[in-house]
Amino acid sequence: MTRYILKRLAVMVLLLVGVSVLVFFLFALMPGDYYSSNRTLTPERKAELRALAGLDQPVIVQYFIWLGNMLRGQFGYSLVYNRDVTEVLAPLIWNSFIVAFAAFVLTWLIAIVSGVLASVRQYSWFDKLVTVGLFASLSVPSFFIGLLMIKIFALDLQWLPTGGMLDTASSSTGAARVLEIMRHMVLPVAILTFLGAGSLTRYFRTGMLEVLRADFIRTARAKGLKERSVVFSHALRNALLPAITLLAFELPGLFAGAIITEQIFNWPGVGRIQLESVQTRDYAVLMTITMLLAALTVLGSFLADILYAVADPRVRLVRAGSRA
Amino acid sequence: MSGGGELIVSQAVDPEIGPGQPHPDAGARSGRSGRRRSLWGESFARLIRMPAASISLAALVFMLLFSFVGPFLTGYTGDELNLPIANHIPTMDHPLGTDEYGRDVLTRLMLAGRISLTIGIASMLLSLLLGAVLGIIAGYYGGIVDSIIMRVADLLMSIPGLPLLIVMAAVLSELKVDPSSRIYIVMLLLSAIGWPSLARLIRGQVLSLREAPYMKAAEVLGLSAASRQFRHLLPNVMPLLIVVATLSTASGILSESALSFLGLGVVPPNASWGNMISAANNLIDFQQHWWLWVPPGVALLITIAAINVFGDRLRDVFDPRMRK
Amino acid sequence: MAAEEALTREDALVRVEELTVRFPVEGGHRTVVDDVSFEVHAGEVLGIVGESGSGKSITSLSLLNLVDDPGEIVSGRVLLDGADVLKMRGTALQRVRGAEIGMIFQEPMRSLNPVFTIGKQLIETIRAHEDVKPADAYDRSVDWLRRVGLPNPERVMRSYPHEMSGGMLQRAMIAVALCCRPRLLIADEPTTALDVTIQAQIIDLLLDLRDETGMAMLFITHDLGVIAEVADSVLVMYGGHVVERGDVFSLFDHPQHPYTDALLKARPMPGQRLDRLPTISDEVRRIAAAGVTA
């Protein structure tokens with residue numbers, strides 16, 4: 001088992017190195033940099049600032065400098081905000097997290113309940129309803145539904161705020177502040193939940209349908225177990241098992257922000273600043289975020305493998321070398 | 001023996017993801033009044049009988065006609081400036097109103113459809129080609145070839161789709177590509193992002209089919225590797241390919257629309273459904289001129305939903321286990 | 001048949017009357033079990049023998065109303081103590097399943113939940129039917145595992161299905177099926193997926209348990225040799241019909257129906273020297289399919 005973990009860890013590290021190369025050289029392709037489009041600077045001043053920022057070195061050297069800095073926990077300097085990238089990103093990561101986490105919990109709850117119930121009552125009106133909702137969730141562009149919801153609920157009905165994390169020029173503290181943030185969270189969380197629930201529900205529905213066809217389910221019924229026990233204990237346990245891997249894949253999304261949703265709702269998170277730094281050419285920020293995303297994705301995939309090996313008794317013990 | 005597209009496959013091999021299972025009523029099928037239909041013909045016949053499949057197919061055909069034939073029927077070219085009636089709400093003359101330059105929105109919607117659909121289909125074909133070829137090669141040959149291809153695929157999959165697209169698109173914007181060429185670049189970008197997951201899926205299928213008895217038989221008969229791959233393996237991978245192709249078109253259209261909405265994909269003066277929705281970024285247009293941004297969203301929703309539903313039915317038809 | 005006449009109607013533990021099961025196919029239905037009737041008496045072993053597709057497995061599943069969609073039981077009754085099992089729902093049906101009638105299946109590897117230990121699957125069965133404390137259920141489970149011949153039963157309690165061999169799993173399945181002391185055990189091809197030597201052991205085990213508990217058995221198989229060893233009475237099925245029935249000795253010595261005759265002849269006997277193996281002719285099949293019984 002430990003050998004398996006170590007092997008996977010090694011692969012993970014290699015992958016991360018590969019990604020760092022990919023990311024860096026992608027950015028190296030950019031013809032301009034932060035200074036080049038600034039018309040107020042003279043060419044000499046530009047050259048000076050570039051040298052200061054280390055932008056005049058050959059690309060390979062720049063890569064290793066950047067890599068070295070990252071490994072020491074220095075992620076560069078935001079030229080737009082005039083602060084370390086870590087300082088800029090830290091609060092934003094938290095903002096993105098609260099929305100993403102709320103959506104994550106709701107999505108999984110809704111998906112498991114709907115998926116399981118729909119599979120148990122296949123072809124019923126409930127199942128048909130779930131299926132319609134499912135396809136809507138998969139097919140609607142995120143920005144469109146977001147805008148539509150803002151128009152209906154925020155502008156026309158005026159029930160909810162149109163965007164941002166707080167009311168404009170708000171100075172509330174404590175519980176009032178929390179409530180205010182929650183009010184602002186309603187629409188973005190609702191949209192994200194709606195968008196995510198579709199594929200997950202389908203996953204559980206299909207998974208349950210497949211498990212319910214298995215021989216051991218027939219045995220469970222033949223033993224005289226209550227149907228509730230057959231479905232929610234015997235079947236669900238088997239259907240949830242592969243879903244553990246999905247849990248791990250949620251990891252990047254939890255911290256890295258939904259780009260489009262944050263843009264539309266003007267939510268101060270990692271997603272929104274990603275777009276912003278594309279426009280302002282604040283590459284240090286952009287590169288750091290991209291590396292963060294890649295690191296989380298790779299970590300998530302690694303965790304998925306480990307979790308699955310731990311949870312599925314078949315995998316766990318095969319690895320330990322006992323009889324297959 | 002069999003030419004063309006006739007797919008005659010051993011009953012024991014399930015041309016779908018998963019181990020082969022003999023069909024429960026296999027005997028019933030060939031007992032038809034002497035006439036033997038090929039697997040394809042039969043699948044298609046069953047597909048058309050499903051209401052969801054027929055309706056979604058009809059919707060797709062409608063959207064295709066709408067986009068490619070429609071502009072000839074509206075009486076406008078979509079470029080005619082008519083400032084006096086700019087931003088006019090829908091009338092009989094202009095069923096979807098006019099935009100800020102007085103251009104007919106309906107015609108522009110159709111023209112935008114041409115671009116969005118073309119990009120979606122073209123990028124799907126490209127990523128399918130790349131993914132299928134690489135996936136089959138990787139699965140069939142295994143060893144170091146497999147490792148290299150899969151490592152590259154893993155690398156590309158380590159960064160989530162949208163952020164990677166954004167970064168790549170930003171690089172392009174920097175390189176000051178002209179708007180018309182951008183369309184092709186977007187196609188290429190989407191394919192570059194799309195092929196890894198396709199390759200993985202197809203490789204998986206190839207791996208499970210490679211050991212099938214009929215493949216061993218082909219080898220024993222002395223058929224060349226190319227012959228085995230293309231005349232025996234490929235027809236059994238086809239169902240999976242078809243389903244995957246359908247669904248990745250949907251994702252291609254969705255991705256293009258997101259990119260264009262953010263201003264990083266198709267840019268004015270070219271219209272795509274995505275960038276038409278970015279009209280909503282302007283507060284007045286958003287609040288008062290709904291005909292500018294709601295119709296493209298609806299068009300996207302209908303198209304993508306139709307593709308998803310049709311693809312889902314396709315999958316059911318090809319998977320004997322789901323047959324009722 | 002002599003054996004049948006000797007027993008009165010009241011002796012019947014389970015009576016199946018006019019059971020018909022069908023499956024939907026392209027353009028209609030296919031009747032898989034066609035108007036089948038029979039009785040199982042207390043303490044007897046009734047064997048059902050037939051080829052694949054004869055409907056014997058579906059018949060056995062019907063006794064516990066376990067025929068899954070898309071198949072449906074169109075008509076018929078399964079009478080246990082005078083009550084029709086097919087009309088039961090909820091608690092009544094759950095009571096019959098496991099506590100009155102137990103069932104074991106062909107593939108033990110697939111018939112037990114892979115993510116639960118054997119122990120859990122035993123204990124939950126006991127506690128589903130009887131009000132016992134977990135500790136008592138545990139002890140009873142260990143007891144049963146020992147009774148079915150599993151060495152180191154405590155270890156087996158903690159094991160998962162994939163850690164055990166086919167023969168061991170089948171024994172465990174028997175324990176699960178019998179732990180609530182049902183009056184009838186339905187065994188659907190229990191030895192087909194096992195080695196011949198293990199087959200013999202399982203058959204011996206089942207017969208021993210029958211002697212110990214006095215339970216009846218419905219034994220389904222395609223193997224005439226197993227029938228000869230195990231059964232008291234036999235039903236021969238073909239194409240959804242019962243083609244012949246009788247006590248095992250009469251059937252083997254004097255088969256009445258051409259199909260049974262052909263079936264018996266189709267087995268090569270040691271010491272025989274043949275140019276060609278006998279097969280069952282189309283003629284005979286047609287007679288059997290027409291539903292003509294002996």
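Residues are numbered from 1 along each chain as its sequence is written, and chains are lettered from A and ligands numbered from 1 in the order in which they are written. In this predicted model, local features need pLDDT of at least 70, side-chain atom pairs count only at pLDDT 80 or more, and totals for chains, interfaces and linings use all residues.

Colleague: What is the strand order of the open sheet of six strands in chain C?
Modeller: Strands are DSSP E runs of at least two residues, helices are H or I runs of at least four, and both are numbered from the N terminus. Two strands pair if DSSP finds at least two bridges between them. The pairing in this sheet is mixed, and the order is 6-7-8-3-9-10.

Colleague: Which strands are the edge strands?
Modeller: An edge strand here pairs on one side only. That applies to strand 6 (101-104) and strand 10 (241-247) of chain C.

Colleague: What is the average twist from one strand to the next?
Modeller: Axes are lines fitted to C-alpha atoms, for helices over the stretch in contact, and angles run from 0 to 180 degrees between N-to-C directions. From one strand to the next, the twist averages 15°.

Colleague: Which residue stands opposite C:His241 of strand 10?
Modeller: Strand 9 (residues 233-238) and strand 10 of chain C pair in the antiparallel sense, over six bridges. Opposite C:His241 stands C:Tyr238.

Colleague: In strand 8 of chain C, which residue is the bridge partner of C:Ile186?
Modeller: Strand 7 (residues 184-188) and strand 8 of chain C run parallel and are joined by five bridges. The partner of C:Ile186 is C:Leu218.

Colleague: How many residues of strand 8 (residues 216-221) of chain C are buried?
Modeller: A residue is buried if 20 or more other C-beta atoms lie within 10 Å of its own, exposed if 12 or fewer, and partly exposed in between, with C-beta atoms placed from the backbone. C:Ala216, C:Leu218 and C:Ile220 point one way, C:Met217, C:Phe219 and C:Thr221 the other way, and all are buried. The count is six of six.

Colleague: Why is strand 3 of chain C largely enclosed by the rest of the structure?
Modeller: C:Val45, C:Gly47 and C:Val49 point one way from this strand, and C:Leu46, C:Ile48 and C:Gly50 the other way. Strand 3 is largely enclosed because six of its six residues are buried.

Colleague: In strand 9 of chain C, which residue is the bridge partner of C:Leu46?
Modeller: Strand 3 (residues 45-50) of chain C pairs with strand 8 in the parallel sense over five bridges, and there C:Leu46 stands opposite C:Leu218. Five bridges also join strand 3 to strand 9, again running parallel. In strand 9 the partner of C:Leu46 is C:Ser233.

Colleague: Which residues touch the most other members of the largest nonpolar core?
Modeller: A nonpolar core is a set of buried Ala, Val, Leu, Ile, Met, Phe, Trp, Tyr and Cys residues joined through C-beta atoms within 7 Å. The largest one holds 233 residues. Those touching the most other members are C:Ala172, C:Ala175, C:Leu184 and C:Leu218.

Colleague: Beyond four places in sequence, which residues is C:Ala172 in contact with?
Modeller: Contact means C-beta atoms, placed from the backbone, within 7 Å. Neighbours within four places are left aside. The residues are C:Ile118, C:Leu145, C:Leu150 and C:Val156.

Colleague: Which helix gives the largest share of the side of chain B that touches chain A?
Modeller: Chain B has 13 helices and zero strands. The contact takes 30 residues from chain B and 30 residues from chain A. Eight residues on the chain B side come from helix 13.

Colleague: How many charged residues are on the side of chain A that touches chain C?
Modeller: Here 20 residues of chain A are in contact with 24 residues of chain C. Asp, Glu, Lys and Arg count as charged, Ala, Val, Leu, Ile, Met, Phe, Trp, Tyr, Cys and Pro as nonpolar, and the others, Gly among them, as polar. The chain A side has seven nonpolar, five polar and, as charged residues, eight.

How values were computed: Two residues are in contact if their C-beta atoms, placed from the backbone, lie within 7 Å.
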